[in-house]
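Reader: I'd like to learn how to read the features of a fold from its coordinates. Could you walk me through a few of them?

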Amino acid sequence: MNKKGRTLRAMAGLPVDRVPVGFYTHFSAEDDAAVAGQVDWCKRTDMDVLCVETDGLMGFFGDTALRTVQDWKGIRPHGPESAYMQRHLYRAGKIAEAMQDGAAVYYMLFTPFSTIKHTFGGETHVMDLWREDKGAVQTAMQVIEEDNFTLSRLLKEKTGIDGLFVSLQNCEVDRFTPQEYVEALKPWDIRLLDYVNSLYEHNIVHMCSWVGTPNFIDLWQDYPYETVNWGTFIEKDLQLAQGRAFFKPGTTLMGGFDNRPGKILQCATPEQVKTYTKELIASAGAERLILCADCSVQQDTPDVNIRAVVEGAQEYAQGDR
């Protein structure tokens with residue numbers, strides 16, 4: 001069974017020869033270096049699925065600095081021929097081409113509010129904008145939503161990626177109240193997920209906890225997902241095995257490894273990683289499972305440790321448990 005087939009079958013809940021493995025991390029913001037870094041890393045580590053981080057392209061490309069509410073009021077959608085769209089398509093297309101006979105490729109996509117946040121890297125500043133003028137922020141989000149739909153369609157039409165890796169953020173317990181989130185951001189989440197699900201049969205929903213704060217994750221529990229990646233070491237009482245009961249029946253679980261510095265994937269020996277891998281599979285069950293980390297792995301994580309996850313999954317399938 002090849003890597004892509006193994007991944008897509010696991011997502012669909014079909015039998016596989018072993019549990020697939022896929023991690024993701026950050027690379028250069030320069031297009032060719034980003035392509036080379038992602039491809040080389042995936043091949044070196046022998047992963048089954050590559051989730052492509054979009055370093056340098058996570059924010060909104062404006063003609064001027066976008067810091068104030070007034071700045072955001074003036075933005076317009078990027079057209080299909082814009083440099084912004086073409087850079088995304090170039091990266092995704094080149095990576096998918098290089099992985100044609102290898103791993104499945106999933107391209108990262110952010111919700112509109114997150115795009116505003118990533119434009120200036122401000123976890124607090126984006127909330128200041130929201131409190132100052134919600135209407136202006138929502139108008140900007142409409143522009144970004146149009147961009148997201150255009151980009152998703154173009155990725156489907158013009159690249160060979162296998163689906164989208166949609167990152168849900170901003171639901172941390174110290175950001176919005178649950179009612180605020182449901183009213184302010186949930187509709188945007190659902191529209192984006194419904195649209196990408198109309199384009200691709202298999203997508204991944206990443207319930208992000210990268211700032212290290214738990215989410216009101218139950219607010220995402222009823223979303224339209226098939227495969228879910230979440231912070232198993234951040235969300236309370238929701239490690240990999242517990243996800244079986246928490247998420248909707250038939251969900252493929254993606255996770256199991258703590259991505260933070262000093263944890264097993266970064267610092268343990270390969271043999272320790274293999275042992276831990278087998279324990280994870282035994283606890284969560286091998287069906288509808290993809291081994292991954294809670295979020296982006298540390299960039300100095302040894303390749304040999306990621307390969308050890310693959311080897312551990314192989315040994316488990318062969319009966320070495």
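**Helices, sheet and loops**

Author: Let's start with a helix pair: α2 and helix α13 (residues 303-317) pack at an angle of about 55°, with their axes 8 Å apart. That makes α2 oblique to α13. This is a predicted model, in which local features need pLDDT of at least 70 and side-chain atom pairs count only at pLDDT 80 or more, while totals for chains, interfaces and linings use all residues. Residues are numbered from 1 along each chain as its sequence is written, and side-chain values use heavy atoms, with hydrogens and water left out.

Reader: How are the axes, the angle classes and the element names defined?

Author: In general, two packed helices are described by the angle between their axes and the distance between the axes. Axes are lines fitted to C-alpha atoms, for helices over the stretch in contact, and angles run from 0 to 180 degrees between N-to-C directions. Angles under 35 degrees count as roughly parallel, over 145 as roughly antiparallel, 65 to 115 as roughly perpendicular and the rest as oblique. Helices (H or I, at least four residues) and strands (E, at least two) are DSSP runs, numbered from the N terminus.

Reader: Which residues of α2 and α13 meet?

Author: From α2 come Trp 41, Arg 44 and Thr 45, and from α13 come Asp 303, Ile 306, Arg 307 and Val 310; contact means heavy atoms within 4.5 Å. These residues divide into three nonpolar, one polar and three charged. Here Ala, Val, Leu, Ile, Met, Phe, Trp, Tyr, Cys and Pro count as nonpolar, Asp, Glu, Lys and Arg as charged, and the others, Gly among them, as polar.

Reader: At what angle do α5 and α7 pack?

Author: Helix α5 (residues 112-120) and helix α7 (residues 134-158) pack at about 105°, and their axes are 8 Å apart. That makes α5 roughly perpendicular to α7. On the α5 side the contact is made by Pro 112, Phe 113, Thr 115 and Ile 116, and on the α7 side by Val 137, Ala 140, Met 141, Ile 144, Glu 145 and Asn 148. By class, the residues of this contact are seven nonpolar, two polar and one charged.

Reader: Now the sheet, please. What is the order of its strands?

Author: First the idea: strands of a sheet pair through backbone hydrogen bonds, either parallel or antiparallel. In this model an open sheet of seven strands has the order β1-β2-β3-β4-β5-β6-β7, with parallel pairing; two strands pair if DSSP finds at least two bridges between them. The edge strands, β1 (49-52) and β7 (289-293), each pair on one side only. On average, neighbouring strands of this sheet are turned by 25° against each other, direction ignored. Helix α12 (residues 270-284) packs on the sheet, where α12 touches β6 (252-257) and β7, and its direction makes about 145° with that of β6.

Reader: Which residues pair along β4, and are its side chains buried or exposed?

Author: Strand β3 (residues 163-168) is joined to β4 by four bridges, with Ile 204 of β4 as the bridge partner of Phe 165. Four bridges also join β4 (residues 204-207) to the parallel strand β5 (residues 227-230). There, Ile 204 has Thr 227 as its partner, and Val 205 has Val 228. Both faces of β4 are covered: Ile 204 and His 206 on one side and Val 205 and Met 207 on the other are all buried. Buried means under 20% relative accessible area, exposed over 50%, and partly exposed in between (1.4 Å probe, protein chains only).

Reader: Where is Arg 18, and which side chain does it join in a polar contact?

Author: Arg 18 sits in the loop between α1 (3-12) and α2 (31-45), and counts as buried because its relative accessibility is 6%. A polar contact of 2.8 Å joins its side chain to that of Asp 48. Such a contact is a pair of N or O atoms within 3.5 Å; within protein, one must be able to donate a hydrogen and the other to accept it, and residues adjacent in sequence count only if both atoms are side-chain atoms.

Reader: Which residues have a positive phi although they are not glycine?

Author: Most residues other than glycine have a negative phi, and most peptide bonds are trans. Asp 46, in the loop between α2 and β1, has a positive phi of about 70°. Arg 288, in the loop between α12 and β7, has a positive phi of about 45°.
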